[in-house]
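Work through these exercises with the model open. Each task is followed by a stepwise solution.

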Amino acid sequence: MRFGKTLRESVYQPWKDQYIDYSKLKTMLREDTRDDDDVPWTEDDENRFCDEIFNVQLEKVANFQDKTVTSLKEQAETAFDKLKDMAPSEEKPKSDITTARLKELKGELDAITNEVKELKKYSSANYTGFLKIAKKHDRKRGDRYKVRPMIRVSLAERGFNSEQAYTPLLTKLSLMYYAINQNLDEGEQYQPLDLNLENQQEVHNGERYTAHKFWIHPDNLLEVKTTILRHLPALIYTQQAGKEPDGNDDPKITSLYFDNSKFQLYARKVDRQVDASSLRLRWYGKLGSKPDVVLEQKIVHENGLSEERKFNIKNKYIKQFIDGEYKMEKTVQKMERQGQTAEAIESFKTTVEEIQEFIVRAKLGPVLRANYTRTAFQKPSDDRVRISIDTNIAFIREDTLDRDRPCRDPDEWHRLDIDNGNMSYPFKNINQSEVSRFPYALLEIKLKEEGGRKRPRWIEDLLASHLVHAAPRFSKFVHGSASLFEDYVNHLPLWLSDLETDIRKDPQTAHDAEEQRKAQQAEDAIMVGSVLGGAAAAAAKMGSYKPATSSPVGKSYLSERAAREAREARESLPPTTVSRPGEEDAEDGADQQRGYGTLSSVFPGFSLSRYSRAKRQRERLPEGVTKPETWLKNAGPLQVEPKVWLANERTFLKWQHICVLLGSLAISLYTAAGDNVVAECMGVAYVAIAVMAGAWGYAMLRRRRDMIVERSGKDFDNMVGPLAVSAALMLALVLNLVFSYRAAFAKLDDNQPVNGTEAAFVGELV
């Protein structure tokens, strides 16, 4: 279907004048005028077209969308205030809330919700229109100028077609719907409200999971992996089916997605229609190694839950199954020979029949290949938390839409040039127009739903960190189809505009935004609880938001305080040089960066400068802020690694070794002294030094143990003891030499020489 017709059919009549004028832009490109093909495209023509698309059409659509979003938010806030007024209190009990007022408010919410849906369709249609007309320009008139890259950047800056722009509004609407429905349906029991509307619910083997999807920038990939590895082990799967770890590299996974020539499955999935389905063949490793091939169908139901149907099939039967000629009879016979239950066999037959009927009825065939490397994290025999990271993601055309030049042999179910040639990422040996490489890694976290069980804290920190970019509705099938079959589809997914922006975030900004979101969410939940009353109000208060003391991913209060003190200290000093305008701000930012992460930034109280001591003496805390009784580092249970205790004991044993050596030397010297008074005195001195060394070692053992228990921030090293022992030994040795020297000469003076030789020798000594 041509896009012009699709655009006309999707127009919302009250806004018909606010859509992109696609026909006018096509006329300016002379798209439908064959007689003007020989007329040159001039500079004036290019200027008129660019002025129309950027300054007229884009401004018109963007301004209308901004105005409509603002109006919808104001209407939602007004409805929220009305709901607050209905909250029961001591003067106004709950019974006074009339059903008529609630139904009237629900009608207002229905109108807002319908307009939000229309706005989403409006945004998607215009976003697709701008990209398609830009592509037509580059194809027909783009010899000198390409406008498609510029239009993509402009759309991304405007926040066009971005799903995250709708999430806060939808969350607030969901809260109000929940409160109203609970009051109108008094017979229903109160159930906790899940505010994570952007996350998908999945069912696997009868278990319900919540799936969270994120993009990871390559710069943050290693940090994300190390964060996960601290809590979950990495599973490296075998090439066959990933049943057990084997120590090889991460597996290469291939998914072959099905659709028809009209891309109906794609359209239903993008529009989020009821019971939208996707179908794929999936295998691990190279197809030449004969891996287990799984045929999977995923169905998204009306309530948002997704369900999977799948079974294994051999390579040689796939083409026959797709054509409806084979119905897995041999597998059924094998199950019967194995003695499986009749229920299992009947369930398998039903799954096979439904999937085959789905393929034949919709005339489906392989159109897209997705190839990626997967790293999985999961505790053995524990499926409560399942995490996977897909890297080196590439999408490849697998269709036969062009009968003259098909990408795949129509008589085969897969591309032989890729599988027989054992091609791998980045697939440089095939036509590059048939390949699309995804620039980021894909993180998917699946959490098992268990009644009353909270998700792990480290998962919460990761989801709210600057390391990941939320993409809750991302689909490999949808993204690959939109990237490679843009001429065949008339609707583009919401997340495409995010590819034109830098998804990396400042840690502090990301943390502040998450804290603000949690605070607003908790405030709304408390209000809804007050409307519901009873158990709902109690649950809302118990789950009320408590602001984080410091961010695990951003700058702490201490670092900001240190940077502020440094700026104030520099400002208090007399100027010595003249700086140019703009340099001061740059220096402030540089000082902040240098200060963050240093010892003075983490522990500003340890600064010994005269200014810092004076600052601490006169510093006053802001109003409403009290001085903490316990440092953050002292909060929580004491956790000390064994090597810390062993290091302290090892130092003590070294001191005792010195004590034993000196003591042994002293006792030996004292015992062998005999009538030599100097030797006896030196033996006593060495004994004293040995005792001092032993006492110092024991004292430091006790002191350092107390410092560990108290979590002291002081240094553990102490130079007093080693210097004292060394000085005492040096003094003892010097005194020993002096006394021995004097004793030797005194003995020589007492004994007179008996001959000339002795006299000459003594004379030489003297």
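**Exercise 1.** In this predicted model, find which strands pair with strand E9 (residues 385-397) and in what sense.

*Solution.* 
- Step 1. Take strand E11 (residues 441-448). E9 and E11 pair in the antiparallel sense, over six bridges. Within this pairing, Ile 387 stands opposite Ile 445.
- Step 2. Take strand E10 (residues 435-437). E10 pairs with E9 over three bridges, again antiparallel. Here Ile 396 faces Val 435 of E10 as its opposite residue.
- Step 3. Take strand E8 (residues 365-377). Nine bridges join E8 to E9 in the antiparallel sense. Ala 370 has Phe 395 of E9 as its bridge partner.

**Exercise 2.** Is strand E9 mostly covered or mostly open?

*Solution.* Count the buried residues. They number 11 of 13, so E9 is mostly covered.

**Exercise 3.** Characterise the aromatic pair of Trp 215 and Phe 474.

*Solution.* 
- Step 1. The whole structure holds 21 aromatic pairs.
- Step 2. The cut-off for edge-to-face is over 60 degrees.
- Step 3. Locate both residues. Trp 215 is in strand E2 (residues 207-216), and Phe 474 is in the loop between strand E12 (469-470) and helix H14 (476-484). They are 259 residues apart.
- Step 4. Check burial. Trp 215 has 0% relative accessibility, so it counts as buried. Phe 474 is at 1%, so it is buried too.

**Exercise 4.** Which ring does the charged end of Lys 476 sit over?

*Solution.* The ring is that of Tyr 372, with its centre 4.6 Å from the charged end.

Technical notes: Residues are numbered from 1 along each chain as its sequence is written. This is a predicted model: local features need pLDDT of at least 70, side-chain atom pairs count only at pLDDT 80 or more; totals for chains, interfaces and linings use all residues. Side-chain values use heavy atoms; hydrogens and water are left out. Buried means under 20% relative accessible area, exposed over 50%, partly exposed in between (1.4 Å probe, protein chains only). Helices (H or I, at least four residues) and strands (E, at least two) are DSSP runs, numbered from the N terminus. Two strands pair if DSSP finds at least two bridges between them. Rings of Phe, Tyr and Trp (its six-membered ring) pair if their centres lie within 6.5 Å; planes under 30 degrees apart count as stacked, over 60 as edge-to-face and the rest as tilted. A charge sits over a ring if NZ of Lys or CZ of Arg is within 6 Å of the ring centre and within 35 degrees of the ring normal.
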